[in-house]
Amino acid sequence: MADLLVIRHGEPTLSGVFLGSLDPGLSETGWKQARAIQLDSAWPVYASPLRRAQETASVFRTPVTLIEEFREISYGPWEGLRWDEIEQRFPEEAARKLADWLGYTVPGAESWSAFRKRVAVGLRRIEGSAIVVAHLGVNSVLRELSSGESPLNFQQDYGGLVRLKL
């Protein structure tokens, strides 16, 4: 049985909005959160190709393998918007999303099922125990794939670490 140490990237420069596939780097607070991650492990490190994850992974001072499939879910036209802006601009879509978060796909966004399949493909690229630096959505899928727990119940702070058994 392998272990995954799953880390959420530090706080990005753009926060309080649906980031999805947008690519901001870490804020000053995000860099502090990343540097506060103390792991004594020789395990390989894998990360999302998005800057906020790569910058967080850089604190490990070891080669990082980027896994394209660990890119955060795309929210399409919602990216860069706060929830109140989404409700204003897309009231019907926002209501439908709230009613069925994983089942409803905003036009122009990535479906949860396609996202889940993509993350599962990325997970198969990891052999043995490893450190993964990714995003809240990706990490919720990794936990679901390892334990069967609903991604809707998953919470993880910026710079937070969760240990999963595979």
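In which sense do strand E2 and strand E4 pair, and over how many bridges? In this predicted model, E2 (residues 45–47) runs parallel to its partner E4 (residues 130–134), and three bridges link the pair. One spot to look at is valine 45, which sits opposite isoleucine 131 in E4.

Now step back to the sheet as a whole. It's an open one built from five strands, ordered E3-E2-E4-E1-E5, with mixed pairing. Strand E3 (64–66) and strand E5 (161–165) each have a single partner strand, so these two are the edges, and one side of each has no neighbour in the sheet. On average, neighbouring strands are turned by 25° against each other, ignoring direction. Helix H6 packs on this sheet, where it touches E1, E4 and E5. The direction of H6 makes about 155° with that of E1.

Next up is helix H5, which covers residues 112–123 and so counts 12 residues. From first C-alpha to last, H5 reaches 16 Å, close to the 16 Å expected at 1.5 Å a residue. Its buried residues are Trp112, Phe115, Arg118, Val119, Ala120, Gly122 and Leu123. What do they pack against? The buried residues of H5 pack against strand E1 (3–8) and helix H6 (136–147).

Searching the whole structure turns up one cavity of 30 Å³ or more. The largest cavity holds about 50 Å³ of space. Its lining is made up of Ile73, Ser74, Tyr75, Lys97, Tyr104, Thr105, Val106, Ala109 and Glu110.

Technical notes:
Residues are numbered from 1 along each chain as its sequence is written. This is a predicted model: local features need pLDDT of at least 70, side-chain atom pairs count only at pLDDT 80 or more; totals for chains, interfaces and linings use all residues. Side-chain values use heavy atoms; hydrogens and water are left out. Helices (H or I, at least four residues) and strands (E, at least two) are DSSP runs, numbered from the N terminus. The expected span of a helix is 1.5 Å times one less than its number of residues. Buried means under 20% relative accessible area, exposed over 50%, partly exposed in between (1.4 Å probe, protein chains only). Contact means heavy atoms within 4.5 Å. Two strands pair if DSSP finds at least two bridges between them. Axes are lines fitted to C-alpha atoms, for helices over the stretch in contact, and angles run from 0 to 180 degrees between N-to-C directions. On a 1 Å grid over the protein atoms alone, a cavity is a set of points where a 1.4 Å probe fits but cannot get out, and a pocket is an open set with protein on both sides within 12 Å along at least five of seven lines; lining residues have an atom within 4 Å of a point. Grid points are joined across faces, edges and corners, and a volume is the space filled by probe spheres set on the points.
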